[in-house]
Amino acid sequence: MAGAGEVEDFIDEMDDEIHGEGGGEMGLNEYELLTKVTDTSAAQARQGKDIQGIQWDRLNITRENYRLTRLEQYRNYENIPSSGETVDKECKQLEKGGNYYEFFHNTRLVKPTILHFQLRNLVWATSKHDVYLISNYSVMHWSSLSGNLSEVINFAGHVAPVERHAGNLLEGFAQAQISTLTVKEKFLVAGGFHGELTCKRLDRKGVSFCTRITYDDNAITNAIEIYDSIRGGAHFMASNNDCGIREYDMERFQLLNHFHFPWPVNHTSMSPDHSLMVVVGDHLDGLLVDPQNGKTIANVVGHRDYSFASAWHPDGQTFATGNQDKTCRVWDIRNLSSPIAILKGNLGAVRSIRFSSDGQFMVVAEPADFVHVYSTKTNYTKRQEIDIFGEISGVSLSPDDESMYIGIWDRTYASLLHYNRRHSYGYLDSYF
């Protein structure tokens with residue numbers, strides 16, 4: 001795997017483009033003015049302000065030219081050489097033009113960060129106003145309603161549990177590096193670079209449970225999913241680089257299942273009826289697995305590289321996988337011989353996929369610059385393209401689908417973008 005330097009190289013490249021290769025020649029006052037970025041509201045955006053606050057009129061390059069430069073020069077990371085180029089030749093990008101979510105606000109106070117360049121599930125909305133995210137060593141909570149940013153857990157120092165459970169690592173962790181995060185309703189689970197798991201109930205003080213699930217040399221916790229178990233109560237599934245998937249309950253935090261696979265598992269998604277799991281990782285093929293016994297039911301064949309994202313449509317019949325070959329592929333469990341849709345990104349790998357809870361939309365995030373919102377009602381033929389600049393730390397829809405949040409990591413323009421779902425109120429339109 002490549003190191004974080006891949007991302008740092010991108011930031012340096014962007015700075016060179018924006019500030020000019022001779023950045024030192026820019027006057028100090030002018031540079032401070034340029035980088036004194038402020039929040040952007042929907043009203044300001046309608047008046048022409050860049051939603052990220054980038055002052056293109058003061059830069060050495062126009063937004064249009066910089067977009068072309070990024071499209072030409074962005075280096076998509078591949079484990080299988082030329083996997084993205086192969087797909088580019090075979091697939092055409094669908095026409096954009098959909099308008100499903102409308103820009104509402106860009107908050108500069110919130111500064112999302114990324115630890116591992118391939119893992120981007122670091123932003124989670126639990127309501128249309130409440131968002132949890134990783135910022136350096138901390139899990140932060142942002143309320144768009146009150147405008148308050150607060151720290152939930154600080155992993156820079158020592159984190160230890162306040163409850164007693166079997167297997168609880170009472171001494172906790174020191175300076176745990178958080179690679180993945182998930183939050184659902186009142187539960188928060190953070191996964192670490194060395195197999196750490198930290199569980200917290202948001203309605204209680206302190207951390208409930210800490211454990212190290214593996215001491216393997218390659219122990220990165222790649223993804224976590226919280227779901228309602230068929231047996232009752234909340235469970236979570238942790239996907240790890242040690243080729244394992246582990247299922248825990250969230251009442252006593254006990255290990256219920258541990259399944260082994262022949263390759264590192266990068267992401268796992270549970271079907272709505274709990275009868276199937278999608279498992280993807282460091283292999284070209286994905287798997288459909290029985291979550292009761294871990295046995296493979298079917299192979300999902302078609303991608304050209306390793307996959308890092310998956311998600312189920314609420315109908316329980318279709319699911320999507322995201323890959324470093326720059327595609328998101330949508331599958332129907334009734335016929336896995338070929339995908340029902342192959343959706344190609346602009347720049348790079350598909351790192352995050354989210355279906356809306358009503359099933360009308362699928363949100364697909366690339367590693368940088370682009371988030372796509374596809375209409376499922378049109379068989380994924382119509383999409384809205386959100387065009388921004390910076391690495392994407394995560395994308396999340398609120399449970400009611402009314403809000404969408406996008407975390408942007410950048411040395412100068414880090415922020416949290418907030419979009420609201422568009423509605424057509426025909427009766428109001430006719431009244432006016």
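Two strands count as paired if DSSP finds at least two bridges between them. By that rule, strand β19, residues 286-289, pairs with β20 in the antiparallel sense, over 4 bridges. In this pairing, Leu288 stands opposite Ala298 of β20. The model is a predicted one.

Take the whole chain next. The protein chain holds 6 helices and 30 strands. Along its principal axes, the C-alpha trace spans about 60 × 55 × 50 Å. How does the radius of gyration fit a compact globule? For 432 residues, such a globule would have a value near 22 Å; the protein chain has 21 Å, so the two agree.

Of the 432 residues, 58% count as buried. The accessible surface of the protein chain is about 18300 Å². Carbon and sulfur atoms account for 48% of that surface. Now consider contacts between residues at least 6 apart in sequence. Of these, 52% join residues at least 24 apart.

Return to β19 and β20. They belong to an open sheet of 4 strands. The order is β17-β18-β19-β20, and the pairing is antiparallel. Which strands stand at the edges? They are β17 (265-270) and β20 (296-300). Each has a single partner strand, so one side of each is left without a neighbour in the sheet. From one strand to the next, the twist averages 20 degrees.

Another open sheet of 4 strands has the order β3-β4-β5-β6. Its pairing is antiparallel. Here the edge positions go to β3 (123-125) and β6 (148-154). Each of these has a single partner strand, so one of its sides has no neighbour in the sheet. Neighbouring strands of this sheet are turned by 20 degrees against each other on average, direction ignored.

Follow β5 through this sheet. On one side, β4 (residues 130-135) is joined to β5 (residues 138-143) by 6 bridges. These two strands run antiparallel. Asp130 stands opposite Ser143 in β5. β5 also pairs with β6, again over 6 bridges and in the antiparallel sense. There, Met140 stands opposite Glu151 in β6. β5 and β6 form a hairpin, with 4 residues between them. In the turn, Gly147 has a positive phi of about 75 degrees.

Where is Gln324 placed? It lies in the loop between β22 (318-323) and β23 (327-332). Is Gln324 buried or exposed? Its relative accessibility is 0%. Buried means under 20%, so Gln324 counts as buried.

The side chain of Gln324 has polar partners. Another links the side chain of Gln324 to the side chain of Arg351, at 3.2 Å. Leaving aside neighbours within four places in sequence, Gln324 is in contact with Asn76, Tyr77, Glu78, Asn79 and Ser83, among others. Gln118 is also in contact with Gln324.

Methods
Residues are numbered from 1 along each chain as its sequence is written. This is a predicted model: local features need pLDDT of at least 70, side-chain atom pairs count only at pLDDT 80 or more; totals for chains, interfaces and linings use all residues. Side-chain values use heavy atoms; hydrogens and water are left out. Axes are lines fitted to C-alpha atoms, for helices over the stretch in contact, and angles run from 0 to 180 degrees between N-to-C directions. Buried means under 20% relative accessible area, exposed over 50%, partly exposed in between (1.4 Å probe, protein chains only). A polar contact is a pair of N or O atoms within 3.5 Å; within protein, one must be able to donate a hydrogen and the other to accept it, and residues adjacent in sequence count only if both atoms are side-chain atoms. Contact means heavy atoms within 4.5 Å. The radius of gyration is taken over C-alpha atoms; the globule rule is 2.2 Å times the number of residues to the power 0.38. Accessible areas come from the Shrake-Rupley method with a 1.4 Å probe; for residues, only the protein chains shown count as cover.
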